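Here is a short walk through one protein chain. It starts with the overall fold and ends with a few side chains.

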Amino acid sequence: AAAAGGPEPKTVEGAKAAAQTVFDRFSGGDFAGAWEMYTAKGKQAISKEDYVKLNEACSRKGLAISLTSARMEGTDKAIVIAKQLVAAQSYTMVYEDNAWKLEPAKEGLELYAKGAAKAIAAQKKLGTCANNS
């Protein structure tokens, strides 16, 4: 939801602040809070319950994710670059309902469509599940 003071600023700074909040929630293990900041498309792809299950099973918790750069793409989209350990990745933030939301990548949406159990199994098979036991 937008900040109590009204809509979030439709600026690269606003997108960066929202992205950092998503990354802080995620790396801190608040997966439900991170899911809350997904775009409508992201929320349609996976339920909050399945998102939490998947990430509790497979995510690297506790490793800070820091924003390294960001740029606007048009008026309602921003591309942010975030780094966790040595790996950097780009993320898309979309301005929706007066607030910046994280748009899951195509691969993420495909993974989420499988549901939690199959997504966890797929990540274990690929070796991308942090807790590969």
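The protein chain has six helices and four strands. This is a predicted model. Along the sequence, the elements run α-α-α-α-β-β-β-β-α-α.

Next come the overall dimensions. The C-alpha trace spans about 45 × 30 × 25 Å along its principal axes. Of the 133 residues, 39% are buried. Take the contacts with a separation of 6 or more: residues 24 or more positions apart account for 53% of them.

The accessible surface comes to about 7400 Å², and carbon and sulfur atoms hold 52% of it.

Turn to helix 4, residues 48–58. Its buried residues are Asp50, Tyr51, Val52, Leu54, Asn55 and Cys58. They pack against four other helices: helix 1 (12–27), helix 2 (31–36), helix 5 (106–112) and helix 6 (116–126). An α-helix has 3.6 residues a turn, so residues three or four places apart point the same way. Among the buried positions, Asp50, Leu54 and Cys58 can be read with that spacing in mind.

What do the aromatic rings do here? The count comes to six aromatic pairs. One of them joins Tyr38 and Tyr51 edge-to-face, at 5.2 Å centre to centre and 65° between the planes. Tyr38 sits in the loop between helix 2 and helix 3 (40–45) and Tyr51 in helix 4, so the pair ties together parts 13 residues apart in sequence. Tyr38 is buried because its relative accessible area is 5%, under the 20% cut-off. Tyr51 is buried too, at 2%.

Tyr51 has a further partner. With Tyr112 it forms an edge-to-face pair, 5.8 Å centre to centre and 80° between the planes. Tyr112 lies in helix 5 and Tyr51 in helix 4, so this pair ties together parts 61 residues apart in sequence. Tyr112 is buried, as is Tyr51. Tyr38, Tyr51 and Tyr112 form one aromatic cluster.

Finish in the strands. Ala70 belongs to strand 1, residues 66–72. Beyond its neighbours within four places in sequence, Ala70 is in contact with Val12, Lys16, Ile79 and Val80. Ala70 and Leu126 are 56 residues apart in sequence, and their C-alpha atoms are 30 Å apart in space.

Definitions and conventions:
Residues are numbered from 1 along each chain as its sequence is written. This is a predicted model: local features need pLDDT of at least 70, side-chain atom pairs count only at pLDDT 80 or more; totals for chains, interfaces and linings use all residues. Side-chain values use heavy atoms; hydrogens and water are left out. Buried means under 20% relative accessible area, exposed over 50%, partly exposed in between (1.4 Å probe, protein chains only). Helices (H or I, at least four residues) and strands (E, at least two) are DSSP runs, numbered from the N terminus. Contact means heavy atoms within 4.5 Å. Accessible areas come from the Shrake-Rupley method with a 1.4 Å probe; for residues, only the protein chains shown count as cover. Rings of Phe, Tyr and Trp (its six-membered ring) pair if their centres lie within 6.5 Å; planes under 30 degrees apart count as stacked, over 60 as edge-to-face and the rest as tilted.
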